[in-house]
Amino acid sequence: MTSLSQYYTCFLAVATLAIFIGSCQSGSDNDPLIAEGKQLAQKHCAACHVVPAPELLDKETWVKHVLPAMAPNLGLEVYPGGLYYAGSKAAITFDKWQKLIAYYQTLAPDKLEPAEKPEAAVKDWALFALEKPQLDTSQIAMTTMVAMDTVSHQLYSSDALRSDITRWDQTLKPTLFKQLHSAAVNASFSRDGKGNERGLFTILGTMRAADISKGEVISLAMNGQRASDSLALATDLPRPLQSVSADFNKDGLMDWVVCGFGHNKGGLYWLKQQPNHRFVQLPIKEVAGASEATVGDFNADGWPDMIVLFAHADEGIWLFLNDKKGGFTERNLLRFPSVYGSTSFQLVDFNKDGKLDILYTCGDNSDYSKVMKPYHGLYIYLNEGDFRYKQAYFYPLNGCTKAIATDFDQDGDLDIATIAFFADFKNDPSESCLYFEQEKSLQFRPHALPINSYGRWICMDVNDWDHDGDPDIVLGNFAKTFIIQEGLKPTWDMHLPLIVLRNKTR
């Protein structure tokens, strides 16, 4: 129970904050109180992530949402009305906490101004033609995965409400393939020497932002009309988002690495295959936010390494070099402020110099700072050698969720497709899906594909769906919930689970 003395202390803290704010007239780092607040932020925030600058969010978002959410990490108790109490075990005193708040509240803008786009998007279909399944108005679409199987030329999806895997034929007719405990979010496919195909599916466990470890990685035989021969490689995982394969210890047995996003707890895990073909789970990096991994021999020593995106708190991209002894050495490649909301990355060679560059997106906007952010969007970082990267391109895109680069128009350079689940649906809903046509080196012409009325796109896959030699796009519609703009009513179709954008280049 909270004592009267605690409430009195909280009241004094609010009064102290008002005095601090009133004293910070200069609004600059030269002000002694502001300078001390900045030092406190660097001391207490840098232990967990890159210290975000005040100008990354508006005053109200800092004071009413982000800082109250961060206070418990320092041992502070948070009460209604913005009151705080610091017990004897708190990492910061009331006085210093108020100075930290004053630093953000004084220097933050009243409102974030939208970023100016370098080039307005042309509203057309570009290279694509729309294909969609027959509408079933009895179902609300909450698609969590779309995946093209290029082994058997099938399309698969999963849905958060129905917790299933659905198979779609070339006419986009659906059949239930496998009932699950929760929704699938990632899939990969392979075939053995006898022609038997298996699918590896990553099962989320829960959509809730909570430390509930019910995720799974399962392997399914794919040859029949319904899934058979189901094998669980791992269970009780913290909200896993992706699984990638390689023989990491070069023992002739295929292993898997799983990105467990989690919530406050999560991690990157090695599923090491044993001679009896069972898997042992070994932690590689136990922090929340592991989102996406790419496997490759990045130091050319003959052993598989990984590059991994972490998208929670300490956001960034890390390299994990295989130490050839059953472990990895870690090196950071890029770090981003904790408010960026990193969403995806891809390794591709944009400038044709033989080195893999980084295509990166940020735009997750469902946590404590639900405002449109001018730094959300599409980034390209060029590889300068020795694992050093430099930003070479940025296109602002509210709520950008994923980007995939490939040569869509078959002219010899890389184009990009993007989706934005947290697009500005009130003012520019067309930014929810863009096609960036590369006309010259790192010069792109954006096309706003007129499909925002068909769904709200949360997932995307790119591959040759119609087998004509050029890459097509499939988009998954998560139609309900996660609306962050006040008063926004859905203008998109609530029932279409997915659409296909067929490439007409060939």
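Buried residues have under 20% relative accessible area, exposed residues over 50%, and partly exposed residues lie in between (1.4 Å probe, protein chains only). The model shown is predicted, so local features need pLDDT of at least 70 and side-chain atom pairs count only at pLDDT 80 or more, whereas totals for chains, interfaces and linings use all residues. Residues are numbered from 1 along each chain as its sequence is written, and side-chain values use heavy atoms, with hydrogens and water left out.

**View A. Leucine 107 in helix 4 (residues 94-107).** Leucine 107 is partly exposed, with a relative accessible area of 23%. Leucine 57 is 50 residues away from leucine 107 in sequence, and their C-alpha atoms are 10.0 Å apart. Helices (H or I, at least four residues) and strands (E, at least two) are DSSP runs, numbered from the N terminus.

**View B. The salt bridge between aspartate 229 and arginine 198.** A salt bridge is a side-chain nitrogen of Lys or Arg within 4 Å of a carboxyl oxygen of Asp or Glu. The closest N and O atoms of aspartate 229 and arginine 198 are 2.8 Å apart. Aspartate 229 belongs to strand 12 (residues 228-237) and arginine 198 to strand 10 (residues 197-203), so the pair ties together parts that are 31 residues apart in sequence. Aspartate 229 is exposed at 52% relative accessible area, while arginine 198 is partly exposed at 25%.

**View C. The salt bridge between lysine 402 and glutamate 292.** The N to O distance in this pair is 3.8 Å. Lysine 402 is partly exposed at 22% relative accessibility, whereas glutamate 292 is buried at 14% relative accessible area. The whole structure holds 14 salt bridges.

**View D. Cysteine 362 and cysteine 433, each with cysteine 400 as the location of its closest cysteine sulfur.** A disulfide is a pair of cysteine sulfur atoms within 2.5 Å, and the count by this rule is zero. The sulfur of cysteine 362 lies 7.6 Å from that of cysteine 400, too far for a bond. For the sulfur of cysteine 433, the distance to that of cysteine 400 is 10 Å, again too far for a bond. Cysteine 362 is buried at 0% relative accessibility, and cysteine 433 is buried with a relative accessible area of 2%.
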